[in-house]
Amino acid sequence: QVQLAESGGGSVQAGGSLRLSCAASGFTSRDYFMQWFRQAPGKERELVAAINWSGRSTYYRDSVKGRFTISRDNAKNTWYLQMNSLEPEDTAVYYCSADRQVLVTTRPDYWGQGTQVTVSS
């Protein structure tokens, strides 16, 4: 059974940092592209960052470029989202995901359950 489990969310003041982790089980993450999405209240879920199996190809949405870094550890079946210089606009539920075929997608094969990130001003 495939499971993705996020951790690392929480509350932080603007300018602070958080590191999200996503641990995968039930499949070999090396075979998948990995993503992080987020959904703020009243807004659609949006792709934040993505990474291929080697880590050499990444995607970031414009609003997080230079502040967020996606990475992965295939040996641990885990990937990460380092979030620095957080802004109140980053407040959302963050979801990790995995897709077998593409780096950038709105409909990945698997989803985690989400972790709340709250940034106060």
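## Burial and strand β8

A residue is called buried when its relative accessible area is under 20%. By that cut-off, 5 of the 6 residues of β8 are buried, so this strand is largely enclosed by the rest of the structure. The model described here is a predicted one.

## The four-stranded sheet

Strand β8 belongs to an open sheet of 4 strands, arranged in the order β1-β3-β8-β7 with antiparallel pairing. The edges are taken by β1 (3–7) and β7 (68–73); each has a single partner strand, so one side of each is left without a neighbour in the sheet. From one strand to the next, the twist averages 15°.

Within this sheet, β8 covers residues 78–83 and pairs with β7 in the antiparallel sense over 6 bridges. Two positions show how the strands line up. Ile70 stands opposite Leu81 in β8, and Ser71 has Tyr80 of β8 as its bridge partner. β7 and β8 form a hairpin with 4 residues between them. In the turn, Asn77 has a positive phi of about 55°.

Strand β3 (residues 18–25) also runs antiparallel to β8, and 6 bridges join the two. Here Arg19 stands opposite Gln82 in β8.

## The disulfide

How many disulfides does the structure hold? There is 1, and it joins Cys22 to Cys96, with an S to S distance of 2.0 Å.

The torsion about the S-S bond of Cys22 and Cys96 is about 50°, so the disulfide is right-handed. Are the cysteines buried or exposed? Cys22 is buried, with a relative accessible area of 0%. Cys96 is likewise buried, and its relative accessible area is 0%.

## Aromatic pairs

The structure holds 5 aromatic pairs. A pair of aromatic rings is described by the distance of the centres and the angle of the planes. In one of the pairs, the rings of Phe27 and Tyr32 have their centres 4.6 Å apart. Their planes stand at 65°, and planes over 60 degrees apart count as edge-to-face, so the pair of Phe27 and Tyr32 is edge-to-face. Phe27 is buried, at a relative accessible area of 11%, and Tyr32 is buried at 10%.

Tyr32 also pairs with Tyr110: the ring centres are 6.0 Å apart and the planes are at 50°, so this pair is tilted. The pair links distant parts of the chain, 78 residues apart. Tyr32 is in the loop between β3 and β4 (33–39), whereas Tyr110 is in strand β10 (residues 110–111). Tyr110 is partly exposed, with a relative accessible area of 28%. Through these ring pairs, Phe27, Tyr32 and Tyr110 are linked into a cluster.

## Charges over rings

Which residue lies over the face of Tyr80? It is Arg19, at 4.0 Å from the ring centre.

Conventions
Residues are numbered from 1 along each chain as its sequence is written. This is a predicted model: local features need pLDDT of at least 70, side-chain atom pairs count only at pLDDT 80 or more; totals for chains, interfaces and linings use all residues. Side-chain values use heavy atoms; hydrogens and water are left out. Two strands pair if DSSP finds at least two bridges between them. Axes are lines fitted to C-alpha atoms, for helices over the stretch in contact, and angles run from 0 to 180 degrees between N-to-C directions. Buried means under 20% relative accessible area, exposed over 50%, partly exposed in between (1.4 Å probe, protein chains only). A disulfide is a pair of cysteine sulfur atoms within 2.5 Å. Rings of Phe, Tyr and Trp (its six-membered ring) pair if their centres lie within 6.5 Å; planes under 30 degrees apart count as stacked, over 60 as edge-to-face and the rest as tilted. A charge sits over a ring if NZ of Lys or CZ of Arg is within 6 Å of the ring centre and within 35 degrees of the ring normal.
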